[in-house]
Amino acid sequence: MSKNNEDFLKSVISHAKEYGFVFPSSEIYDGLAAVYDYGQLGSELKNNLKTYWWKTMVQMNENIIGIDSAIFMHPKTWKASGHVDGFNDPMVDNKDSKKRYRADQLLEDKIERYRKDKKDDRADKLQADLDKAIQEDDLTALGNLIEEHQIACPVSGTRNWTDVRQFNLMFSTQMGATSEGAEKVYLRPESAQGIFLNYLNVQKTGRMKIPFGIAQIGKAFRNEVIARQFIIRMREFEQMELQFFVRPGTEMEWYEKWKELRLKWHLAMGGPKENYRFHDHVKPAHYANAAVDIEYKFPFGYREIEGIHSRTDFDLKQHMEFSGKKLQYFDPEIKQSYIPYVVETSIGLDRCFLSVFGHALTHEDLSTEDKKDSRVVLKLHPCLAPIKAAVLPLTRKDGLPEKARELMNKLKLDFSMQYDERDSIGKRYRRQDAIGTPLCITVDHQSLEDNTVTIRHRDSMEQERVALEEVERIIQEKTDWKNLLKAFLD
Ligand code: ATP
C-alpha cells in the first residue's frame, strides 16, 4: 500500500477491523453512523496513549492534577459556557438527495479540489472568501459561495440547495422519573466544563497555587452534521484536556510554552516532523484571545488533532455569574484577588490514535531474486504497542508448550503478553508484526537443553539467542516508559 494514495483510509479501516483494533459500533444491526468500538487491541493501544498523556501531563508535572468529572452536568453549565446558544455548525441540505452537509466543509473540499487541479488562484480566492464569511458569521455569504463555485451534492449531483442554517451540536436527554418533572440535560460536548466546575474544589482541597493545571480524560458527544473519515469525526469520542490557570497578563507566555510542549509530545511518539504543523485560527472562538490547532498530515490532507486555546477568564467569569459563587483566586505573591486566565490544550484521543496507527502501518516488500514476499508491520513505539511480547513454542509437542507456558506465566505479571502455538512459526511472526508486537520469544528444543530462547525483533526481523533469565530484562528495556518519558524531564 502506498501511504500517499486514497486507499490509505480503506486499508487502515480494514486492518483495524481484521486485527481487533476498531469495529463499527452495533455492526450486527448494520452499524450506527459515526460511532465506533475499540476492540481487544485497539483498547490496549488507546489505553497506552492515555497513559502516555497522563504520565507526561499529570504525573510528571507537580502543578497539574487530574480529575474524572461526570458526563452529566447541571444544564445551566451549557448556558453559561455559551454552548446552548452558540455551539453551532453552518449546515445546508440538498433538496433532491435530502442529505445534509456542513457548508464550510463543502467549500473546504472544493478548495482541495482546486489545489489538486493546480488551480491555486481559485483556491486562494475561495479560502479568503470562506475565512471572511466565517469571521463575520455570514451564512448568506457561505450560501453564495456554494452557488458561485457551482458545488454539487456528491449524492444527487444537483445544486438544489436550501439556505445555510445553524445547527446545534449538543445531544440532550431527560433526567428524572416522570416526563412532566424531567429536566433537560445535555451529554457534554467537551470535557473542559467539568474542570471549570471543579476549579474551586480542586484549588482548595489540593492547596494549588497559580499557575496550576487540572487535567482529565473523558468522553464527549457531538451531533456532527456529517460524519466522515472513520474516527476523525465521531458522534461519541474521547478528549484529553488540560485547563491551565494562570495570572492574567501571563497567558500568552504560557500559550507559547504549551504549544511547544504539546508538539514535542506528538513528535516523541516517532512520527516525522514534517507531518505536523500549527494552524492559527482565523476567528478564535468567542471565549479565546488566541487559538491554534496542531494539525497532522494524513494522506487525505491535514486535519486538526489538538487545539490549544487561550481562553481568558471567560469560563470562570461566566460560571461565577450564572452560579452566583465566587471563583476568584487570592494571589499571595501580589496580594491581589483575580479570576484566573486559562490556557487549554485539548487533544482528540481518537484522531491521535488514527495518526499513530496510520503512520505505523507499513507494507514492506521482502522479495528476493528467487521469491516474492512481503509483510504488513505495525511499527508502533514499543511503549504504545498493545502486546509487548509473544511467547511461541516452536512445536506443540516434546514438552515445548509446557516450557513456554512457564515463561509466559512469569512474564504476564509484568507485561501485556500473548501466547500462540497455532500455525507455522513464520505465520505467527507475521501475525505479531501486524499487531505491532516488538518482540517474539521462541521456545525450541535447544531451550529444553540449555535454557536459552530466540528473541526476534519486529522492525529488523533479526533474531538472537539469549538466556532465559535475560528475557524479562530485555522486554523491560525495550518497552520501558522511561524511553518515552525522559524527554519530558525538566
Ligand atoms: P473540528 O473543527 O474538526 O470539528 P473542533 O475545533 O470543534 O474540531 P475542539 O472543540 O477544539 O475541536 O476539540 C478538541 C479536539 O477534540 C480536536 O482537536 C479533535 O481532535 C477532537 N474532536 C473534536 N470533535 C471530534 C469528533 N467529532 N470526533 C473525534 N474527535 C473530535
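Select Arg102 and Asp89. Their side chains form a salt bridge, 3.4 Å from N to O; the term means a side-chain nitrogen of Lys or Arg within 4 Å of a carboxyl oxygen of Asp or Glu. Arg102 belongs to strand S5 (residues 100–102) and Asp89 to strand S4 (residues 88–93), so the pair ties together parts that are 13 residues apart in sequence. Strands (E, at least two residues) and helices (H or I, at least four) are DSSP runs, numbered from the N terminus. Across the whole structure, a search finds 38 salt bridges.

A word on the model: it is predicted, with local features needing pLDDT of at least 70 and side-chain atom pairs pLDDT 80 or more, while totals for chains, interfaces and linings use all residues. Residues are numbered from 1 along each chain as its sequence is written, and side-chain values use heavy atoms, without hydrogens and water.

**Next, the ligand**

Show the residues around the ligand. There are 17, and the closest are Arg222, Glu224, Arg233, Met234 and Glu304.

Zoom in on the ligand's oxygen atoms. For a backbone N or O atom of Glu306, the distance to a ligand oxygen is 3.4 Å. Now pick Arg351: a side-chain N or O atom sits 3.1 Å from an oxygen of the ligand. The ligand alone exposes 600 Å², and the protein buries 85% of that; areas come from the Shrake-Rupley method with a 1.4 Å probe.

Colour strands S10 (236–246), S13 (301–312) and S16 (341–348). These are the elements that give two or more residues to the shell around the ligand. S13 gives the most, with five residues.

Colour the shell by class. It has five nonpolar, five polar and seven charged residues. Ala, Val, Leu, Ile, Met, Phe, Trp, Tyr, Cys and Pro count as nonpolar, Asp, Glu, Lys and Arg as charged, and the others, Gly among them, as polar.

**Then the second largest pocket**

Select Asn61, Trp258, Leu261, Phe488 and Asp490. Of the 18 residues lining the second largest pocket, these lie nearest its centre. The pocket holds about 300 Å³ of space. On a 1 Å grid over the protein atoms alone, a pocket is an open set of points with protein on both sides within 12 Å along at least five of seven lines, and lining residues have an atom within 4 Å of a point. The volume is the space filled by probe spheres set on the points, which are joined across faces, edges and corners.

Helices H2 (40–59) and H10 (251–268) each supply at least two lining residues. H10 gives the most, with seven. By class, the lining has 11 nonpolar, three polar and four charged residues.

**Last, two backbone stops**

Go to Pro211, in the loop between helix H9 (199–205) and strand S9 (212–221). The peptide bond from Ile210 to Pro211 is cis, with omega near 5°.

Finish at Asp398, in the loop between strand S19 (389–393) and helix H13 (400–411). Phi of Asp398 is near 60°, a positive value in a residue other than glycine.

Technical notes
Near = heavy atom within 4 Å. Polar contact = N/O pair within 3.5 Å; in protein donor to acceptor, adjacent residues only side chain to side chain. 1 Å grid on protein atoms, 1.4 Å probe; cavity = no way out; pocket = protein on both sides within 12 Å on 5 of 7 lines; lining within 4 Å.
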